[in-house]
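Work through the exercises below with the sequence and the model at hand. Each task is followed by a solution in steps.

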Amino acid sequence: MTSLSVGVVLCLTGWITLYTLLCNTNGSRGSEWNCRLVTLFHGILAVCITAYIGYVEGPWPFTHPGTKNTPLQITAMVISLGYFIFDMGWCVYFRTEGPVMLIHHTMSILGILLTLSLGESGIESCAVIFASEITNPLLQARWFLRQLGRYESLTGEAVDVLFVVLFVFMRIVVGGRMLYCELISPWPRFIIKCEGVAMYVLSWVFMVDIGRFAYRKSQSKYRRWRNQHRSAAANGHDGKPTERLPYHDE
């Protein structure tokens with residue numbers, strides 16, 4: 001446990017150092033911009049490591065839950081644990097996130113700590129990290145596009161659609177399948193199964209918020225289309241020529 005504690009402290013120090021360097025070299029962008037760069041970097045790194053674990057090193061999380069932690073699984077969890085502690089502290093200090101995201105970070109920290117302390121079920125934790133972080137780059141891209149004033153564009157639309165589709169598929173569909181395999185397997189401990197249920201319920205809480213967002217956005221687009229249609233019809237009724245939209249707006 002001593003070596004694990006040292007590893008977590010080193011990773012936490014690394015994330016803080018990266019954030020500090022970004023603030024010093026990119027201070028004009030603000031603290032949240034630089035924190036989201038750290039988040040983006042962690043998301044890409046975590047996805048790459050856990051994808052290798054799941055698809056190359058093994059074992060397959062759907063068929064071998066509850067197995068002993070491997071060195072690479074431990075490394076992936078320690079890296080992510082250090083990041084979640086850093087981001088949790090940042091969010092609490094700057095008060096940028098609501099209770100749902102803080103609960104997510106708290107459960108992630110406790111889940112990884114539990115898996116590391118038990119020395120087993122690392123493959124499930126890595127699979128959860130992979131499913132959680134694979135949508136992260138799209139979420140950060142959406143925020144950066146807003147800050148740059150480019151969100152209301154085809155790129156912004158594509159990012160939103162990809163994010164929703166990927167979230168539903170990975171968190172709800174694949175996550176539901178993995179939870180089922182976890183619950184029916186005799187190997188994972190009961191407390192690990194409870195953690196899996198809690199994380200899946202939290203995914204549905206996020207899913208409800210995403211569904212509301214998708215509904216509001218679709219309604220807004222429909223109202224905009226309807227208003228444009230009415231304006232075009234009114235112009236035609238008045239005998240005025242209808243102005244053709246530029247090609248890039250069609």
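Predicted model: local features only at pLDDT ≥ 70, side-chain atom pairs only at ≥ 80, totals over all residues.

**Exercise 1.** Which parts of the chain does the salt bridge between Lys 68 and Glu 120 tie together?

Solution. Start with the contact: the closest N and O atoms of Lys 68 and Glu 120 are 3.9 Å apart, and the cut-off for a salt bridge is 4 Å. Lys 68 sits in the loop between helix H2 (31-57) and helix H3 (71-94), and Glu 120 in the loop between helix H4 (99-118) and helix H5 (122-133), so the bridge ties together parts 52 residues apart in sequence. Finally, check accessibility: Lys 68, at 59%, is exposed, whereas Glu 120, at 8%, is buried.

**Exercise 2.** Which residues are joined with Lys 217 into one network of salt bridges?

Solution. Take Asp 160 first: its salt bridge with Lys 217 has a closest N to O distance of 2.3 Å. This pair links helix H7 and helix H8 across 57 residues. Lys 217 also meets Glu 157 in a salt bridge, at 4.0 Å. Through shared partners, Arg 142, Glu 157, Asp 160 and Lys 217 form one network. Within it, Asp 160 is buried at 5% relative accessible area, and Glu 157 is partly exposed at 25%.

**Exercise 3.** Which elements give two or more residues to the nonpolar surface patch?

Solution. List the members: Tyr 180, Leu 183, Ile 184, Val 197, Val 201 and Val 205, with about 510 Å² of accessible area together. The elements are helix H7 (154-184) and helix H8 (190-237). Val 205, in helix H8, is partly exposed because its relative accessibility is 34%, between the limits of 20% and 50%.

Terms used: Residues numbered from 1 in each chain as written. Heavy atoms only, no water. Patch = residues over 30% accessible without salt bridge, like charges linked within 9 Å, V, L, I, M, F, W, Y side chains within 5 Å. Areas by Shrake-Rupley, 256 points an atom, 1.4 Å probe, with all protein chains shown as cover. Salt bridge = Lys/Arg side-chain N within 4 Å of Asp/Glu carboxyl O. Helix = DSSP H or I, 4+ residues; strand = E, 2+ residues; numbered from the N terminus. Buried < 20%, exposed > 50% of the residue type's maximum accessible area, 1.4 Å probe, protein only.
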